[in-house]
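Here is a briefing on one protein model. Look at the structure first, then read the points by topic.

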Amino acid sequence: MTTSIQSVERAAAILRILAGAGRPLRLAEIAGALGLAKPTTFGIIRTLRDVGFVHQDRTTSDYSLGDGVRHLERASVDPHDLRSHAMNWSDALASRTRLEVLIAVPQLDGAHIVHHVFRPDDSEQDLRVDEVLPFHATALGKVVLAFGAGMASPSPELEAYTQRTITRRVTFDAEILRVRERGWASERAEFIPGIGAVSVPLRGFGGLGVGAVAVSGPLERIFRHAGGPHDEVVAATLETASAISRSLGVRT
Amino acid sequence: MSTVIAAIDQGTTSSRCMLFDRQGRTQSLAQREHHQYFPQPGWVQHDADEIWRNVRRLVPQALDQARVGVRDVAALGIANQRETTVVWDRTTGHSLGPAITWQDTRTSHIVGDLLARGEEERIVDITGLPPHTYFAGPRLRWLLDHRPGIRERAVAGEVLFGTIESWLIWNLTGGVDGGVHVSDVTNASRTMMMDLSTLSWSDTMLDLLDVPRAMLPQIRSNAEVYGTCVGDLEGVPIAGAMGDQQAALFGQTCFSPGDAKCTYGTGAFLLVNTGPERPRPERTVLPTVAYALGDAPPVYAVEGSIAMTGSLVQWLRDSLEIIETAPQVETLARSVDDNGGCYIVPAFSGLFAPRWDPDARGTIVGLTSYIRKGHIARAALEATAWQTWEVVEAIRHDLGQDLESLRVDGGMTSNHLLMQYVADVLDVDVERPLVSETVCLGAAYAAGLTVGYWADLNTLSHHRHLAAVWRPTMPPAVRQRESTQWNRAVEHALGWMTPPAT
């Protein structure tokens, strides 16, 4: 036997009303149609608006169905909005760890890099924006896959980039489970020889993963000699991810 | 306890206080907005008392955030919105009348009068600036003419004038109780009352504008101890002051001739260090002081200001409503491959550098039924790049100064497509530094140098780390074709407004 959650039921009803109305509706009209008090209705509609399911007209304040419902398969955060929110925190992370910082969003074929902060050592580097990283061989890839909406999945063939790349499906599935439990992923010379990375999810509304932030650098800067990543590296990346998620307006 | 340097950036829409450590890294940031007043079309005002109250509150906030005490602050540097004019009562400490901002255009008749009297040549020769509503001198004249009793009291030294840094320094050092009344050369160079060669107030300009000398601050360098703070920053020396664009140039460590920076915000400001000789460009870009450190000879710069860059994106968002947020202009622009043959010239309030046509207005050319909103978004971003190109070309033509690279800062540096296009169009590397608050950093650097917190300019250059570089990829033939089209588009925007019949 299941019990419904009343506000979710009402939210569904509001979406149905808007879908069927054929024109934008005022709050009073929606509340009246449902037989609810305006404050109650307002609370639900405001949350629906914040998650992108309902659109509110800037001038008239009337409500209509938002893009978020029509395109549920799309990420809930625009990648350039994400970059804009992440910029100052990413710079601070690069400054603090002296490592390269990357921000990526999930795409069908991998983790799509939307922002890149150079390693602050004045070495010659190239911007990696628009690179797509494989799910199975990179920390960013593992995180966007583990915490994303599930639409993306690695191809059946797991290409070997280095001797350490995970190429067996069953090994990869176990790794993803570990990543979900821990809340972060690492990469140890699995994509580029000598290079390691740590990645943490960026969460949107409801805790859904909308992207990931990672630090990347030479193996010894990321990993302890025998064992996992340096605590400080993981902590700094976790803090940055938290700050970015909060900046997106998400209560974490 | 390791010490920090404090910096205040008093900007057009908000004030901020930041603390920096010895590596030039941000330790804390406190920010507060203030009211914008638009009492009439073309009038833009702030409340100087409100600004001072905000700045006072920010300082303890920044200290708390970084968990440091006043004794840990080695010095304070100030950067400010330039040209905004404040007049205040020396005995009460309150401002008299509104702070008239740099965007305000009410002084057009005072400027028009100077032009009609044939004074333009002389004014440019002395100050380097063409008569324009942009600058503080005409505003001060307006305040003296329109507030009864001020002129007499100004002559008697009871009423003082200053740009924002003067107002803040006076208040920070005690106000009515021993406040120090000074200005720095970069701010003074934007008043249209300072001789750009001698770096002192020009008697000729004071006569032309009928401004009493007694009310003017003393002009000082950008890096010296002006006084000591009382109140929340008790005992901290104020050791640096700079106009915000010069502070950004300094914070970007543009210490050699040819070093250039462009700040991309609501408008864009491109400054190039031109070295120790006063530059004499044609009427395209404006000569100004880059910085003068203590007793060292001044370093000059030229400045090209572009009125509409970020504000064009805001127009797409707020007026045309084709994007939800400003960053989404990049998403929309990337939905198409190029501008589709259309060009936007955003001369919404005339054209600034290098064409300086106040009668120009915005235009979109090349529209066909093929054009979608993606092309419009693309054209809007390209307009920013081409306006930058025009300023760089003017500098190259007038002064023979080529750019080797361009250092960038400001909100629009988060737009990857735009930054790549700027690199393509200018055919130079575009570099973004790791610390984006270059204005505050510049003010902190000046103050830190004065008190010996940092040894010299070399030390400051070593703090600078690149966060990103965009390298040019555009084939020369494409640049040639597109620049020609851009110039043709601008021709359509020029002279649109005919002056009203008198």
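A residue is buried if 20 or more other C-beta atoms lie within 10 Å of its own, exposed if 12 or fewer, and partly exposed in between, with C-beta atoms placed from the backbone. By that count, buried residues make up 40% of the 252 residues in chain A. This is a predicted model: local features need pLDDT of at least 70, side-chain atom pairs count only at pLDDT 80 or more, and totals for chains, interfaces and linings use all residues. Residues are numbered from 1 along each chain as its sequence is written, while chains are lettered from A and ligands numbered from 1 in the order in which they are written.

**Chain A overall**
- Chain A has nine helices and eight strands. Helices (H or I, at least four residues) and strands (E, at least two) are DSSP runs, numbered from the N terminus.
- Its C-alpha atoms fill a box of roughly 65 × 40 × 30 Å, taken along the principal axes.
- Two residues are in contact if their C-beta atoms, placed from the backbone, lie within 7 Å. Of the contacts in chain A with a separation of 6 or more, 57% join residues 24 or more positions apart.

**Helix 5 and helix 9 of chain A**
- Two packed helices are described by the angle between their axes and the distance between the axes.
- Helix 5 (residues 79-97) and helix 9 (residues 231-247) of chain A pack at an angle of about 165°, with axes 9 Å apart. Therefore helix 5 of chain A is roughly antiparallel to helix 9 of chain A.
- Axes here are lines fitted to C-alpha atoms, for helices over the stretch in contact, and angles run from 0 to 180 degrees between N-to-C directions. Angles under 35 degrees count as roughly parallel, over 145 as roughly antiparallel, 65 to 115 as roughly perpendicular and the rest as oblique.
- Residues making the contact include W89(A) and L93(A) of helix 5 of chain A, and A236(A) and I244(A) of helix 9 of chain A.
- By class, this contact has seven nonpolar, five polar and one charged residues. Ala, Val, Leu, Ile, Met, Phe, Trp, Tyr, Cys and Pro count as nonpolar, Asp, Glu, Lys and Arg as charged, and the others, Gly among them, as polar.

**The sheet of chain A**
- Six strands of chain A form an open sheet in the order 5-4-3-8-7-6, with antiparallel pairing. Two strands pair if DSSP finds at least two bridges between them.
- Strand 5 (132-133) and strand 6 (185-188) of chain A are the edge strands, and each pairs on one side only.
- Two bridges join strand 4 of chain A to strand 5 of chain A. A111(A) stands opposite L133(A) in strand 5 of chain A.
- Helix 5 of chain A lies across strand 3 (100-107), strand 4 and strand 8 (209-218) of chain A.

**Where chain A meets chain B**
- 17 residues of chain A are in contact with 16 residues of chain B.
- Helix 5 of chain A gives the most to the side of chain A that touches chain B, with nine residues.
- That side of chain A divides into seven nonpolar, five polar and five charged residues.

**Enclosed elements**
- Nine of the nine residues of helix 6 (residues 139-147) of chain A are buried, so helix 6 is largely enclosed by the rest of the structure.
- Seven of the eight residues of strand 18 (residues 299-306) of chain B are buried, so strand 18 is also largely enclosed by the rest of the structure.
- Strand 18 of chain B pairs with strand 16 (residues 268-275) of chain B in the antiparallel sense over seven bridges.
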